[in-house]
Amino acid sequence: MADEELAREAGPGAPRRPPGALEAEVMDVLRAAGASLSPGQVRERLAARQLEELSYSTVVTIVSRLHAKGLLERERSGRAFAYRPVDDASLAASQMRQALQAGTDHGAVLSRFVSGLSGRDARLLRQLLGEDEDQPG
């Protein structure tokens with residue numbers, strides 16, 4: 001579904017949401033749930049919070065986009081998927097991987113990252129890398 005369709009979802013004359021507002025609302029619903037939700041369940045909870053009701057396909061589009069961005073995990077639930085927010089550590093790791101992949105000089109990116117670590121974090125990183133070397137790979 002195109003962004004124009006998402007904007008029209010509220011109907012003519014309704015104020016446009018700022019970019020990302022609907023995604024933020026979906027994330028709020030999923031965080032508050034504390035469990036995986038299907039798009040239909042997300043839609044019901046959004047309807048309880050809002051004046052207008054979103055179509056099922058709009059909610060599917062939003063959760064699919066959030067999943068593609070790495071913000072949601074999904075698991076099969078019958079014929080559909082159920083979604084939940086990724087934990088903070090997984091999200092941070094994903095963002096770090098994306099930043100590394102965006103740079104053309106991986107050595108420079110990693111060097112600048114490591115040089116900004118606190119002593120405690122640098123020791124932890126060395127410990128984790130040492131443990132990694134001990135494991136068969």
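This is a predicted model: local features need pLDDT of at least 70, side-chain atom pairs count only at pLDDT 80 or more; totals for chains, interfaces and linings use all residues.
Select R84 and E73: their side chains form a salt bridge, with N and O 3.0 Å apart. A salt bridge here is a side-chain nitrogen of Lys or Arg within 4 Å of a carboxyl oxygen of Asp or Glu. R84 is in strand β2 and E73 in strand β1, eleven residues apart, so the pair links distant parts of the chain; helices (H or I, at least four residues) and strands (E, at least two) are DSSP runs, numbered from the N terminus.

Residues are numbered from 1 along each chain as its sequence is written, and side-chain values use heavy atoms, leaving out hydrogens and water.

Now show the two strands whole. Strand β1 (residues 72-77) and strand β2 (residues 80-85) run antiparallel and are joined by six bridges; strands pair if DSSP finds at least two bridges between them. Two residues lie between the strands of this hairpin, where G78 has a positive phi near 70°.

Next, select F81 with R76, its bridge partner. The charged end of R76 is over the ring of F81, 4.3 Å from the centre. R74 also lies over the face of F81, at 4.0 Å from the ring centre. The rule for a charge over a ring is NZ of Lys or CZ of Arg within 6 Å of the ring centre and within 35 degrees of the ring normal.

Move to K69 and E23, a salt bridge with its closest N and O atoms 2.8 Å apart. K69 lies in the loop between α4 (56-68) and β1, and E23 in helix α2 (residues 21-33), so this pair ties together parts 46 residues apart in sequence. K69 is partly exposed, at 44% relative accessible area, whereas E23 is buried, at 14%. Buried means under 20% relative accessible area, exposed over 50%, and partly exposed in between (1.4 Å probe, protein chains only).

Stay in helix α2 for R31 and D28, three residues apart and separated by about one helical turn. Their side chains meet in a salt bridge (3.8 Å, N to O). R31 is exposed, with a relative accessible area of 52%.

Finish at helix α6 (residues 106-115), which holds F113. V114 is also placed in helix α6. F113 is partly exposed at 38%, and V114 is partly exposed at 40%.
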